[in-house]
Amino acid sequence: MGIFSSEINNISDKSRDELFQFAEVSDSSAEETAYSNYSYWRSTWKSFLKNRLAVFLLVTVVIIVAFTILQPYLPGQKSPTEINIDEQTGLQARNIVPNSEFLFGTNSIGQDLWSRIWAGTRTSLFIGCIVALVEAIVGITIGTIWGFSRKLEVPITQLYNVADNIPTTILLILMSYILRPSISTIIIAMCITGWVEMARFIRNQIVILRDREYNLASKCLGTPSYKIIIKNLLPYLISVIMLRMSLAIPFAIGAEVFLTYIGLGLPISEPTLGNLINEGRVLMMSPDLRYQLIFPSIVLSVITIAFYIIGNSFADAADPKNHV
């Protein structure tokens, strides 16, 4: 028994150096053990692509926006403000039904509806995007400060109460009366109170998140407030922000249509979806001229519905609760 154990010890001594080696300390290898190729935005995009309807509408919106930008530079396009003349009669080509020359027909003074609809879409989308961008920047900034800073809570609350008690419709009407109706007037009127809803919602979410354990730990470790806001708070609100921005665009377009409907919108010489729908509304009861209302209404409906569905789908995909 003793001889057997001694042989085992000899074998163990010989193979110990061959089988076992001391591991070297490597900082880079230690970091690789905790490495993950997870990407929040890649995960969000993959989740969004699962919604086929939203993807289809996104492609549709991209095509519409690209075409509205390129349309004036394409060959064979007519000016949206030019009055066309009928070569046979020498008179204005009024109320011509859609044909090979005028794809969407002409209006009551002979202007090409095809060019006017795309020019109006371009103007309305410009107004909507600018208003949405301003609302997002101002609303997120004020809402974050309002919810995070206890010192500024009272003055910002008073500012909110004043802005929230001003009806947007009344403000739009007053601005249109006081200032000359123009694109800048509509944008300013919408932006004066447009940030209120965004700021209030962001503030409520910040109040819920600011006193959680990880934020308190960051404060105890001396992390600056702006880093806590950018790293710990705003990422949880991306879905809400995207949803609000996507809804702000059709709302701005709808407000422009409403102002035109009550006679306070942009001048008739400025093609917008509001002007086109208002012109076609008068002819709605005439079957032969109803196309002047149908075509701009279809474009407006597609844009509005598309932004709403895309915004909701992207908000669901960007929700941190749906990510691991």
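A helix axis here is a line fitted to C-alpha atoms over the stretch in contact, and the angle between two axes is taken between N-to-C directions, from 0 to 180 degrees. Keep that in mind for the helix pair below. The model is predicted.

**Whole chain.** Start with the chain in cartoon view. Of the 324 residues, 37% count as buried. Among contacts in the chain with a separation of 6 or more, 68% are accounted for by residues 24 or more positions apart.

**Helices H5 and H13.** Select residues 113-148 for H5 and residues 291-318 for H13. Two packed helices are described by the angle between their axes and the distance between the axes. For this pair, the axes come within 11 Å and cross at roughly 30°. H5 is therefore roughly parallel to H13, because angles under 35 degrees count as roughly parallel. The crossing of H5 and H13 is right-handed.

**The contact.** Now show side chains. On H5, select Leu113, Ile117, Thr121 and Leu125; on H13, the residues they meet are Tyr291, Gln292, Phe295, Pro296, Val299, Ile303 and Phe307. Which classes do the residues of the contact of H5 with H13 divide into: nonpolar, polar or charged? Colour them by class: 9 are nonpolar, 2 are polar and none is charged.

Key:
Residues are numbered from 1 along each chain as its sequence is written. This is a predicted model: local features need pLDDT of at least 70, side-chain atom pairs count only at pLDDT 80 or more; totals for chains, interfaces and linings use all residues. Side-chain values use heavy atoms; hydrogens and water are left out. Helices (H or I, at least four residues) and strands (E, at least two) are DSSP runs, numbered from the N terminus. Angles under 35 degrees count as roughly parallel, over 145 as roughly antiparallel, 65 to 115 as roughly perpendicular and the rest as oblique. A crossing is left-handed if the near helix is turned anticlockwise from the far one by less than a right angle, and right-handed if clockwise. Contact means heavy atoms within 4.5 Å. Ala, Val, Leu, Ile, Met, Phe, Trp, Tyr, Cys and Pro count as nonpolar, Asp, Glu, Lys and Arg as charged, and the others, Gly among them, as polar. Buried means under 20% relative accessible area, exposed over 50%, partly exposed in between (1.4 Å probe, protein chains only).
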